[in-house]
Each structure stands twice: as structure tokens, then as C-alpha cells.
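Hi everyone, thanks for making time today. Let me put the structure up on the screen, and then we can walk through it together.

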Amino acid sequence: EKLMDLVYIKNLRIETIIGIYDWEREVKQVVSMDLEMASDIKMAAQTDNIGYALNYKSISKRIIKFVQEQKFKLIESMAEEVAQIVLVEFSVPWVRLRISKPGALRGSEDAGIIIERGSRS
């Protein structure tokens with residue numbers, strides 16, 4: 001059985017233009033992201049060397065810069081593009097990504113989507 005280690009980033013909050021309504025195209029809103037990324041941590045653990053680790057600081061900086069510069073209408077579009085950045089630019093084989101707009105739904109703390117892309121094996 002192949003074991004899979006996960007590197008995660010929880011509640012990464014980014015201000016961006018997101019939404020379909022006219023007022024949403026004018027004002028920045030916060031989106032919240034959780035990422036879980038498949039990564040074999042064995043070499044990093046054995047060597048204690050960041051060079052062998054999936055660098056979550058680099059990933060978060062790249063995602064923040066990307067999302068801040070975009071003006072997506074739908075979080076579905078944002079999710080697909082962020083997932084592709086993680087898979088392609090950081091050579092991550094599998095990612096689970098949750099994106100929400102906190103406060104978007106009255107009476108609810110949070111509403112959004114979760115996608116998984118890539119392969120766990």
C-alpha cells in the first residue's frame with residue numbers, strides 16, 4: 001500500500017474581485033482557501049533540508065499574487081486555475097482545494113466549493 005503524505009495550507013485569506021453582481025465587480029471581497037497537497041516528505045524528513053520539501057510559503061505567495069490580480073466571476077473558475085498552478089508549477093500530483101466566500105450566504109458562516117485534481121497514486 002502506497003502511503004501519501006499531505007502538506008496543507010488552511011484558511012489562506014485573499015482579497016480580490018469576485019462575483020457576478022455589479023457591486024461585486026467594484027469592491028474587493030475576501031476568499032478563503034484550504035489546500036491539501038500530496039507530497040512525499042521522506043527525503044525532507046531524513047535530510048532536514050527545505051530543498052526536498054514542498055515549500056508551502058512559495059505556494060501561498062504564488063496563489064496570493066495570482067488571485068489578487070484576477071477578477072473572476074465564479075469561484076469555480078478560480079478553483080480550476082489555482083489547482084492547475086499547484087499541479088503544474090509545483091509538480092504536485094494531487095490537490096484538494098476548498099474555496100469559499102465567508103459571509104456570502106445569510107445565516108451561514110461559509111459557502112463554497114471543494115475540488116480534487118490530479119491523481120493520488
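This is a predicted model: local features need pLDDT of at least 70, side-chain atom pairs count only at pLDDT 80 or more; totals for chains, interfaces and linings use all residues.

Let's start with β4 and β5, which run antiparallel and are joined by 7 bridges.

Now, how many of the residues of β4 are buried? The count is 6 of 7, so β4 is mostly covered. On another pairing, β4 goes with β2, again in the antiparallel sense, over 6 bridges. One example to look for there is aspartate 34, whose bridge partner in β4 is arginine 98.

Let's zoom out to the sheet. There are 5 strands, the sheet is open, and the order reads β3-β1-β2-β4-β5, with mixed pairing. Which strands stand at the edges? Those are β3 and β5; each has a single partner strand, so one side of each is left without a neighbour in the sheet. For β3, the pairing is with β1, in the parallel sense and over 2 bridges.

Asparagine 11 counts as partly exposed, with a relative accessibility of 37%.

On to the helices. Helix α2 covers residues 56-69, and helix α3 covers residues 75-89. Where do they lie on the sheet? α2 lies across β1, β2 and β3, and runs at about 20° to β1. α3 lies across β1, β2, β3, β4 and β5, and runs at about 30° to β5.

The two helices also pack on each other, at an angle of about 145° and with their axes 11 Å apart. The crossing of α2 past α3 is right-handed. So who meets whom? From α2 we have Ile59, Arg62, Ile63, Phe66 and Val67, and from α3 we have Met78, Glu81, Val82, Ile85, Val86 and Glu89. Sorted by class, that contact has 8 nonpolar residues, 3 charged ones and no polar ones.

With 15 residues, α3 reaches 21 Å from its first C-alpha to its last, close to the 21 Å expected at 1.5 Å a residue. Which residues of α3 are buried? They are Ile75, Met78, Ala79, Val82, Ala83, Ile85, Val86 and Leu87. What do these buried residues pack against? The answer is α2, together with strands β1 (6-18), β2 (29-38), β3 (71-72), β4 (94-100) and β5 (112-118).

One last stop: serine 91, which comes after α3 and sits in the loop between α3 and β4. Serine 91 is not a glycine either, and its phi is positive too, at about 50°. Is serine 91 buried or exposed? At 62% relative accessibility, serine 91 counts as exposed, and the loop it sits in leads us back to β4, where we began.

Key. Residues are numbered from 1 along each chain as its sequence is written. Side-chain values use heavy atoms; hydrogens and water are left out. Axes are lines fitted to C-alpha atoms, for helices over the stretch in contact, and angles run from 0 to 180 degrees between N-to-C directions. Helices (H or I, at least four residues) and strands (E, at least two) are DSSP runs, numbered from the N terminus. A crossing is left-handed if the near helix is turned anticlockwise from the far one by less than a right angle, and right-handed if clockwise. Contact means heavy atoms within 4.5 Å. Ala, Val, Leu, Ile, Met, Phe, Trp, Tyr, Cys and Pro count as nonpolar, Asp, Glu, Lys and Arg as charged, and the others, Gly among them, as polar. The expected span of a helix is 1.5 Å times one less than its number of residues. Buried means under 20% relative accessible area, exposed over 50%, partly exposed in between (1.4 Å probe, protein chains only). Two strands pair if DSSP finds at least two bridges between them.
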